[in-house]
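Here's a quick look through one model, a piece at a time. Have the structure open as you read.

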Amino acid sequence: MLQKIYDWVDERLDITPIWRDIADHEVPEHVNPAHHFSAFVYCFGGLTFFVTVIQVLSGMFLTMYYVPDIENAWNSVQYLQSQVAHGQIVRGMHHWGASVVIVMIFLHTLRVFFQGAYKKPRELNWVVGVLLFFVMFGLGFTGYLLPWDNKAFFATQVGLEIAESVPVIGTDIKTLLAGDPDIVGAQTLTRFFAIHVFFLPAALFGLMALHFIMIRRQGISGPL
Amino acid sequence: MSEKKNNQVSRRQFLNYTLTGVGGFMGAAMVAPMVGMAVDPLLKADGSDDFQYVMDVDEITDEPQRKTFYIDQQDGWYDTEAERTAWIYRDENGDILALSPICTHLGCVVDWETGDHGNEFFCPCHYGRYDQNGVNIPGTPPEGPLHAYEYQIEDGRLYLGRANPREGA
């Protein structure tokens with residue numbers, strides 16, 4: 001049955017080359033942990049992607065309950081955490097995943113760095129990777145505020161003051177991020193929410209596409 | 001006429017220019033209002049310059065007194081009252097000084113004469129110290145003096161406004 005559906009579509013749209021391009025490629029021996037156990041270091045990039053998928057999915061479901069408003073944000077989180085079926089699990093995935101994804105992306109960066117895999121011709125992919133790292137940090141920073149508890153509030157206060165310490169334009173950066181020169185409040189929360197769920201994910205998807213296209217184009221770097 | 005053709009804009013160039021121009025204009029017209037929305041906080045005037053009554057002038061002594069007061073704060077679509085604290089006293093010259101207790105190092109709250117820090121403002125977070133004028137003591141973490149509130153006096157009543165940075169050590 002499934003085969004018939006596939007054939008029907010393939011006959012019209014010729015989709016086989018598309019998924020072959022995406023999914024059908026050999027894993028070289030030197031990056032396959034089944035051959036050399038030490039090759040597990042090559043998994044960190046894929047694990048970063050895997051956790052990112054978890055983050056995107058769990059985040060989508062969290063927004064079914066979350067309200068980015070200073071009077072309701074904490075209550076909505078409290079509600080989804082304590083009253084909603086599996087809410088605690090989904091928020092837990094998003095909460096812990098946020099840390100795991102940073103750890104994974106860091107290990108991935110270390111592997112690429114110490115293997116010298118960033119060298120010609122892969123310099124551009126290193127640059128895109130560093131941008132991805134920054135986007136991840138941005139997601140962590142903006143997401144941290146959203147539960148709107150004391151920890152979130154004061155962490156953001158500190159983060160904004162760090163931004164403010166930038167020479168010359170620091171104050172403007174802080175105002176742009178917080179939505180107000182003095183207050184960390186209603187407009188800060190809506191801004192961080194918008195940045196967290198729309199702006200940065202858009203940047204993340206674009207950069208990830210570039211990252212993966214470049215990997216496919218250049219292949220994995222050779223054995224040490 | 002025909003030998004001049006080289007200097008003329010070709011049909012292809014003309015179309016390229018006009019399409020790029022029109023496309024650029026349409027793109028800019030689309031993005032400009034969105035960017036305006038995003039940078040709105042930078043365009044807004046700085047917060048209110050309201051002054052709030054804090055205490056009577058004849059209650060002010062040489063010893064710093066801790067006073068709390070409330071300012072009307074407009075946080076987007078929320079009108080709220082925000083608590084402010086000031087250390088109020090007269091300095092050696094008899095001038096009124098109303099200092100913000102926010103440490104200029106990393107934003108903790110300083111206290112007057114705690115523990116064995118006599119005649120000083122002290123911040124417990126990283127042992128920041130300020131002298132009796134609220135000026136940071138060199139060699140301690142703060143990089144500037146405690147901010148001072150703008151003040152007004154009407155009918156012997158002290159009103160405080162914004163806290164501003166001061167020049168100092």
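Which residue stands opposite B:Asp111 in E6(B)? That would be B:Phe122.

## Ground rules

This is a predicted model, where local features need pLDDT of at least 70, side-chain atom pairs count only at pLDDT 80 or more, and totals for chains, interfaces and linings use all residues. Residues are numbered from 1 along each chain as its sequence is written, while chains are lettered from A and ligands numbered from 1 in the order in which they are written.

## The sheet in chain B

E5, E6 and E7 of chain B line up in that order as an open, antiparallel sheet of three strands. At the edges sit E5 (111–112) and E7 (128–130), each pairing on one side only. E5(B) joins E6(B), residues 121–123, through two antiparallel bridges. Strands here are DSSP runs of E with at least two residues, helices are runs of H or I with at least four, and both are numbered from the N terminus; a pair needs at least two DSSP bridges.

## Helix H1 of chain B

H1(B) runs over residues 11–38, and its 28 residues reach 40 Å from first C-alpha to last, close to the 40 Å expected (1.5 Å times one less than the number of residues). There's a kink of about 25° at B:Val31, shortly before B:Pro33; the angle is taken between axes fitted to the seven residues ending there and the seven starting there. The count of buried residues in H1(B) is zero (buried takes 20 or more other C-beta atoms within 10 Å, exposed 12 or fewer, partly exposed in between, with C-beta atoms placed from the backbone).

## Where the chains meet

The contact draws 13 residues from chain A and eleven from chain B, counting residues whose C-beta atoms, placed from the backbone, lie within 7 Å. On the chain A side, H8 (170–178) and H9 (186–218) each supply at least two residues, and H8(A) gives the largest share, three residues.

Definitions and conventions:
Contact = placed C-beta atoms within 7 Å.
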